[in-house]
Every structure is written in structure tokens, then in C-alpha cells.
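Q: I have a structure open and would like to go through its side-chain contacts with you. Could we start with the charged pairs?

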Amino acid sequence: MAIHGGTHFVISANFTDSGAPAYLAANGEWVRQLQSALTIATEAERDELMNRALEQERMVCDPYFFDVRVEGRTIDPISTRERIRAEGPTIRIRRPD
């Protein structure tokens, strides 16, 4: 599978305890911030890391990868879905008062 419009891949999942988005970091741990995620340059490395991520399904569920653009130190998701997962809701949450 080729990178469609991106320069790298990021592996993501959801934490099983909270359902929050999780991103695989360079040290092999799962983090909540996209900007702390490991960026993967090749399909071979991506596939190897995906296999490792699938073995960690007690901590995270349903790992998958997505395309990103990396410019400097900024990770920019290609898809709107991943941008929303990383940044939060697209509408302002109103307070009950």
C-alpha cells in the first residue's frame, strides 16, 4: 500500500481502559498526543510495528495505521477523521449553566 499524499505513517489505536485515542511512540509506549507519535517512513517498518502493536491489545484495541505529512517537527494527519481524533470535537461544548 502506497502512502497517499503523506510522507509517513503513524500507528494508532484506542486505549482499552478509557477509549481515548492512542498513538505509538518511538519508545514503544502508547501516548495520547499525536505530536509525540513515532513517524514511520517505510511500509516494511510499518508492517513490523503493526504486528507488535497487535500483540498489545490488552492496553489498546484495534491498532491501525494512517498517512501523515511531516514538516519539520509537526505531524499533520491527511484525513479529517484523524485530525478530529487528535484535536478533539469540531463544535464548541456548551456548559450547562
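Q: How far apart in helix H1 are Arg-52 and Glu-48?
A: In this predicted model, Arg-52 and Glu-48 are 4 residues apart in helix H1, so about one helical turn separates them.

Q: Which residue forms a salt bridge with Arg-46?
A: Asp-47 does, and the closest N and O atoms of the pair are 2.9 Å apart. Arg-46 is buried, with a relative accessible area of 5%, whereas Asp-47 is partly exposed at 37%.

Q: How many salt bridges are there by this rule?
A: The count comes to 5. Another of them joins the side chains of Glu-82 and Arg-81, at 2.7 Å from N to O. Glu-82 is buried, because its relative accessible area of 3% falls under the 20% cut-off.

Q: Which residues do salt bridges with shared partners join into one network?
A: Arg-81, Glu-82 and Arg-85 form that network.

Q: What else does the side chain of Arg-85 meet?
A: The side chain of Ser-12 makes a polar contact of 2.7 Å with that of Arg-85. A polar atom of the Ser-12 side chain also lies 3.0 Å from the backbone oxygen of Ala-22.

Q: Where is Ser-12 found, then?
A: Ser-12 belongs to strand S1, which spans residues 8-15. Its relative accessibility is 0%, so Ser-12 counts as buried. Leaving out residues up to four places away in sequence, Ser-12 touches several others, including Trp-30, Asp-62, Tyr-64 and Phe-66.

Q: New topic: how many residues has the largest nonpolar core?
A: That core has 14 residues, and Ile-11, Phe-15, Trp-30, Ile-40, Leu-49 and Val-60 have the most contacts inside it. Strand S1, strand S2 (21-24) and helix H1 (43-54) are the elements that give two or more residues to this core. The largest share, 4 residues, comes from S1.

Q: What is Phe-15 in contact with?
A: Beyond its neighbours within four places in sequence, Phe-15 has contacts that include Ala-20, Pro-21, Val-31, Met-59 and Val-60.

Q: Which residues are among those of the other core?
A: Tyr-23, Leu-34, Ala-37 and Ile-75 are among the 9 residues of that core, which lies apart from the largest one.

Conventions: Residues numbered from 1 in each chain as written. Predicted model: local features only at pLDDT ≥ 70, side-chain atom pairs only at ≥ 80, totals over all residues. Heavy atoms only, no water. Buried < 20%, exposed > 50% of the residue type's maximum accessible area, 1.4 Å probe, protein only. Polar contact = N/O pair within 3.5 Å; in protein donor to acceptor, adjacent residues only side chain to side chain. Contact = heavy atoms within 4.5 Å. Core = buried A, V, L, I, M, F, W, Y, C linked by side-chain atoms within 4.5 Å. Salt bridge = Lys/Arg side-chain N within 4 Å of Asp/Glu carboxyl O.
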